[in-house]
Amino acid sequence: MKRFFKRLFISIILLLLLVILAGTLWFRWRVRASFPVVDGVIPVSGLGARVEVLHDAHGVPHIRAQSMEDALFAQGYVTAQDRLWQMDLSRRYTEGELSEVLGDSTLRLDIDSRTLGFPRLAAAALNELSPDDRRLLDSYVRGVNAFIESHGDRLPLEFLALHYQPKPWRPVDCVAVTLSLAKKLSETWEVDLMRERIIVRLGKELAADVFPDHSPLDVPVAEVSAGAPAHPPKSISLRGDGNFANSFAAGLLLPSSGDAAGIGSNNWVVSGSHTKSGKPLLANDPHLGFSIPSVWYMVHLKSPGLNVSGISLPGLPFVIIGHNDHIAWGMTNTGPDVQDLYAESFNFRNPGKYLHNGQWVDAEVRDEDIKVRGQSDYHFTVKVTRHGPIVSHDGDRDLALQWTLLAPGAVRIPFARIDLARNWQEFTAALRDLTVPMLNCVYADDQGNIGFYAAGLVPLRKLGDGSVPVPGSTDEYDWTGFIPFQDLPHSFNPPEGIIATANGRIIPDNYPYFLSARWEAPYRTARIFQLLREGQAFTPPDLLRIQTDIYSIEDMWLAKEILAAAEKRLPSSPDAQFALSVVKTWDGVARADSAAMLVLEVTRRALLTRILKPKLGEDLLGYRWPMSTTFLQNVLEQNLTRWLPPGDADFSQTLVKSLEEGVGQIPSIVHSANRADWKWGNTIPLIIRHPLSSGLPFARRWLDVGPYPQAGMGTTVKQTTQHIGPSMRMVVDFSNMDDSLQNIVLGESGQPLSPYYRDQFEAWYAGQSFPMLFSDEAVENGTIHKLVLEPRP
């Protein structure tokens, strides 16, 4: 019997191993079966003439066509080859259809999209496109559908795993993709609720302290003409009428960070006077949530009159950021306040009516049905007032959202005109249709010019600045229009020859319009300007080194404050004394193995808590402000004793106690009592998970990326968090376009096991990049695969 059971046990183990092996082999075979064809000739319907697609060593498609329409057809085809499931999730995200394939885990996202009316908004925007724009969108759509129709039995693994087929791509889906980007980069209304709660708790003076919007490190880049009209905002948030405030007590395409602080991007441009070649250099690295596959898709489009290379958004034609033969451009989020909340008064006897200037008027009432996989449909009702949809039932209030994106005619697609622009005049003319989100666009051209334009819709308000909810029952707080395009922040050929933005304040105090009371922390901007002003004879690798710079101005300031405080009051615990010793020798660089970085980060958090909690109490949990360290600087440097914690004799004692409290948390953070394990990078590991890896545990090693320790922190030029970082890096060299550099986080393909699934990650992680092939000779020499698309007879 013992032998029998032993043999049975061995047989079961062998059988299990065989099943695992068979499953693994099947998985690898099935994934490879869906790989795109990148060599040979494919006949397709809907094409006007022969198109060549030349793939380089990183799978980047260089498309050569005889018309712009055919170039976009091919762009749609090859993007679907590599990113079809990502495209499908993107449109479902915007149109509120994720739960149909992913279940109730995404129901909240669908409810949000339907509440905002995104499907209707996309359809309306499509109808408002010009005939030329619609024709170009149709070409891209035909290319996507040509791939779907010919690969129904060889679709990416995700469709098989979730047991569904993608619907044909539609022009309205292209518009939907633009809405998802706009939503992620301009959504601020929950910040308004947080700010209101804290104003109510603290009062106006203390609230003004905790919400700073200026810093001595700000470097405004916008020029203000002497004759600009004055339109000072009438603020109600911190300096005006606070009675209203006092009367009331997710990501699949572009993942959310989960934290309002530190989100951003970098771009800059330098004139030829600062470069080795005498020609401009332009750099851009947008910071977005990490995802699999990468947010962006690199592409090069060439047809008569068009030659443009850069990054695209899967599901949308054209190049979003890049360069053509004559100009280059990069973009960062400006971050204006373009969302306002209005407290509407509904008739409790007739809930379909609300109050407007003393009259009961009808709200738009819309019934929505969301299909949920494995469950019954979810039904809910949306109410829409003259301001917008009701998005929150905060206490006894119904809050309607007014948002520039929801304004009639606001959704436009300017990228064809941007891609074709040949000079500053044509570029800025195209930017008139860049509406939401508002973007800081830096520019350079082959004539040696450099420029900057913050393009987008920014509301003009009768009263207030939109930073807290306001009454909606009258016209008192209504919008009256938008800042005229010619008055938006801009600059052209500034004398210094340097322009840089990193989501911080871009306008001087005499700018005549209100943009925002919430700017990102100034440290990245300040560091970029410091490095650009110190350097000379820049080359593309020099700008790449700036993009990957990890010197922390923010933590170096705190280090000096702690050392000064410790001269008056030495910490008592051995760990705190050791922490002080590593801070003394720190050089300001946020290396992955830095103990000082870990000490300073835990101390800064402890310091903010120690100062704020006595006054904020439980509301501290909701406090998120990108310039919270600026608040700390103001408190310590100006000795604002109104913020001195109870029991502390002075701020030196506050700092030392915060050091001890923060250091006391390190053993639990690093899961070790050994000081040798005090390594900053291990506390912010980079892990990028495929959306389906939790359901396919045997495939995680092929699907996921990480964990990897990280260098840098939230306000270094190389912005580093667990969830956000550079989504691509680009440097454009006007002395030789083939010396330009570009790469994304992972790779061009969304197909696991593809050689292009994560082939760029090692270089991205190490702060390296690849040539951005552009000339015919460079593209020919760099071609690894050649695919020809031919019109089907």
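Me: How do α6 and α8 lie to each other, roughly parallel or roughly perpendicular?

Reply: α6 and α8 are roughly perpendicular, a label used for angles of 65 to 115 degrees. α6 covers residues 131-150 and α8 covers residues 171-186, and they pack at about 100 degrees with axes 8 Å apart. Axes here are lines fitted to C-alpha atoms over the stretch in contact, and angles run from 0 to 180 degrees between N-to-C directions. Helices are DSSP runs of H or I with at least four residues, strands are E runs of at least two, and both are numbered from the N terminus.

Me: Before I go on, what sort of model is this?

Reply: It's a predicted one, where local features need pLDDT of at least 70 and side-chain atom pairs count only at pLDDT 80 or more, while totals for chains, interfaces and linings use all residues. Residues are numbered from 1 along each chain as its sequence is written, and side-chain values use heavy atoms, with hydrogens and water left out.

Me: OK, back to that pair. Which residues make the contact of α6 and α8?

Reply: From α6 there are Arg134, Leu137, Asp138, Tyr140 and Val141, and from α8 Pro171, Cys174 and Val175. Contact means heavy atoms within 4.5 Å. By class that's six nonpolar, no polar and two charged residues. Nonpolar means Ala, Val, Leu, Ile, Met, Phe, Trp, Tyr, Cys and Pro, charged means Asp, Glu, Lys and Arg, and the others, Gly among them, are polar.

Me: What about α18 and α19, at what angle do they pack?

Reply: About 65 degrees, with axes 11 Å apart; α18 is residues 595-616. α18 and α19 are therefore roughly perpendicular too. The crossing is left-handed, that is, the near helix is turned anticlockwise from the far one by less than a right angle. Arg604, Leu607, Leu608, Ile611 and Leu612 of α18 meet Ser628, Thr629, Phe631, Leu632, Val635 and Leu636 of α19. That contact has eight nonpolar, two polar and one charged residues.

Me: And how do the axes of α16 and α19 cross?

Reply: At roughly 25 degrees, coming within 11 Å; α16 is residues 553-568 and α19 is residues 628-637. That makes α16 roughly parallel to α19, the word for angles under 35 degrees. This crossing is left-handed as well. Glu554, Trp557 and Glu561 of α16 touch Thr629, Leu632, Gln633, Leu636 and Glu637 of α19.

Me: Switching to rings. How many aromatic pairs does the structure hold?

Reply: There are 22. Rings of Phe, Tyr and Trp (its six-membered ring) pair if their centres lie within 6.5 Å. One cluster takes in Trp424, Phe427, Tyr443, Tyr453, Phe485 and Phe492.

Me: Which ring has Lys383 over its face?

Reply: Phe346, with Lys383 at 4.6 Å from the ring centre. Lys615 does the like over Trp643, at 5.2 Å. A charge sits over a ring if NZ of Lys or CZ of Arg is within 6 Å of the ring centre and within 35 degrees of the ring normal.

Me: Last topic, backbone. Where are the cis peptide bonds?

Reply: One joins Ile292 and Pro293, with omega about -5 degrees, and Pro293 is in the loop between β6 and β7. Another runs from Gly706 to Pro707, omega near 10 degrees, and Pro707 is in strand β26.

Me: And what's the phi of Asn493?

Reply: Near 50 degrees, a positive value in a residue other than glycine. Asn493 is in the loop between β23 and β24. Most residues other than glycine have a negative phi, and most peptide bonds are trans.

Note on methods: Parallel < 35°, antiparallel > 145°, perpendicular 65-115°, else oblique. Phe/Tyr/Trp six-rings, centres within 6.5 Å; stacked < 30°, edge-to-face > 60°.
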